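Open your viewer and keep the selection tool handy. We will walk through the structure one stop at a time.

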Amino acid sequence: MTPAGQLAAAIDLLGLIEADSRPADAVANHFFRTRRFIGGGDRRAISSLVWGVLRTRRHLGWWLDYCRAPHTPRLLLALQALFSGQTPNKIATAFLSGRYGPTPLEAAEMTVLEKLSTRTLEHPDMPEAVKFEIPDWILPKLRAQYGSALAAEMQAMNEPAPLDLRVNLLKTDRESALRALAAERLTAEPTAYSPWGLRLRNRQTITTGKAFQEGLVEIQDEGSQLIALALDAQPGMRVADFCAGAGGKTLAIAMGMGNKGHIVACDVSEPRLEGAIKRLRRAGVHNAERHLLEPGDKWLKRQEKKFDRVLVDAPCTGTGTWRRNPDARLRLTEQDLAELAVKQAEILDRAQKLVKPGGKLVYATCSVLQDENEAQTEAFMARHPDFTPLPLEAPEALRGSLNLRLSPAQHGTDGFFAAVMVRAR
Ligand SMILES: C[S@@+](CC[C@H](N)C(=O)[O-])C[C@H]1O[C@@H](n2cnc3c(N)ncnc32)[C@H](O)[C@@H]1O
């Protein structure tokens, strides 16, 4: 594809993302699946243009409002190019390039670029929520939580995320996995906290390589690995992964248990649970079964107090994953948060039934919001006084606080929360 062809495709894709309520990566996956003629390199170039806009969407919107111009995909991309250092003339040329390119910039569009040609992305009059690329309603919450660290936390939240791998100790060890990756010209280094983690130096394609396909490594953010560690599941135990989805944490838990004992991966979504089948097979996990939670399910009653460990990796706002899903920030509403908080409490109330006396319940989210973290576990323990908090099972460097609280700024991981609670009777 020519650069103009890539630009035209980026305009189309951004238009679809802006008009759709689904996450941008779901829209992009569908876009590329239905355009097989777009090769890998072009796909990366188009995604990079679009994600450049998504990361700075509020800034760009503020400048377009300043010029009283519409928020069109063309102008958003042109403005992003301008603030990345291109001149209005160079941008106009990119819009002028033949059959597969976009239609040329119109006079009104050119006027916007010329008016802003001496400006930078930032402006002192921008409201704080615009500067931090977050919705207005969430700013007071985050300010109350982070105080003077807010700017650093939000800046880290707007950087692209690294790609982390978890070495599958059922099949290899960290040194051998590093060698297998090196044979594929993939450079990685051990993660700072997870004893199982590797961080790839650049964002490289991993899923087509031998190391991934043979199940030596799995893609998993370091923070997510630490949640599995916090569960402290030992070989021979009975473990329930109550919101298992496609089994990301189930895989890590099974590995920690050395494939001994039994894990039940539960979820209300059949397609998600089915997504775990291939991954469990590839990883060589033999001690996990899947259980679809259905309304009126008798299984929960039959399994009451029979599990040593129960993980509730609850559905949440995903505010901790904003580095990967920058578009999610502006789609998140206060009502979403309120509805999720109710759901999280309901799930905890159901899942706790499975925990045997002396057993541990771990509540985790990929959110940085206290409403769905500490507030949730404190309210849970007030409703269920037979549960009390336990200090964290975590690598040395993370011990010392009761709960696990990870953030991109402080730990270089996605934002995660985990609290461990033990049942007395
Ligand atoms: C954060 S995701 C889980 C991710 C997964 N544990 C992993 O590591 O890949 C939350 C999951 O909760 C599931 N879920 C939603 N409502 C639920 C409920 N009432 N009971 C159990 N699971 C539920 C969703 O289908 C989703 O798969």
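Leaving aside its neighbours within four places in sequence, which residues is D313 in contact with? Select I227, C243, K249 and A364: these are its partners. Keep in mind as you look around that this is a predicted model.

**Around D313**

Now color strand β8, residues 307-313, where D313 is found. With 26 other C-beta atoms within 10 Å, D313 is buried.

**On to D267**

An unreviewed UniProt entry lists D267 and D313 under "binding site". They are spread over 47 residues of sequence, yet they cluster in space, with a largest C-alpha distance of 10.4 Å. D267 is found in strand β6, which covers residues 262-267. Is this residue, D267, buried or exposed? It counts as buried, because it has 25 C-beta neighbours inside 10 Å and 20 or more are enough for that label. To see its contacts beyond the neighbours within four places in sequence, select C243, A244, G245, R272, L273, L292 and L293.

**A pair of helices**

For the last stop, show helix α4 (residues 57-66) and helix α5 (residues 73-83). Their axes come within 10 Å and cross at roughly 105°, so α4 and α5 are roughly perpendicular to each other.

Definitions and conventions:
Residues numbered from 1 in each chain as written. Predicted model: local features only at pLDDT ≥ 70, side-chain atom pairs only at ≥ 80, totals over all residues. Axes fitted to C-alpha atoms, helices over the stretch in contact; angles between N-to-C directions. Helix = DSSP H or I, 4+ residues; strand = E, 2+ residues; numbered from the N terminus. Parallel < 35°, antiparallel > 145°, perpendicular 65-115°, else oblique. UniProt positions renumbered as here; feature names shortened; annotations may be inferred. Buried ≥ 20, exposed ≤ 12 C-beta atoms within 10 Å, placed from the backbone. Contact = placed C-beta atoms within 7 Å.
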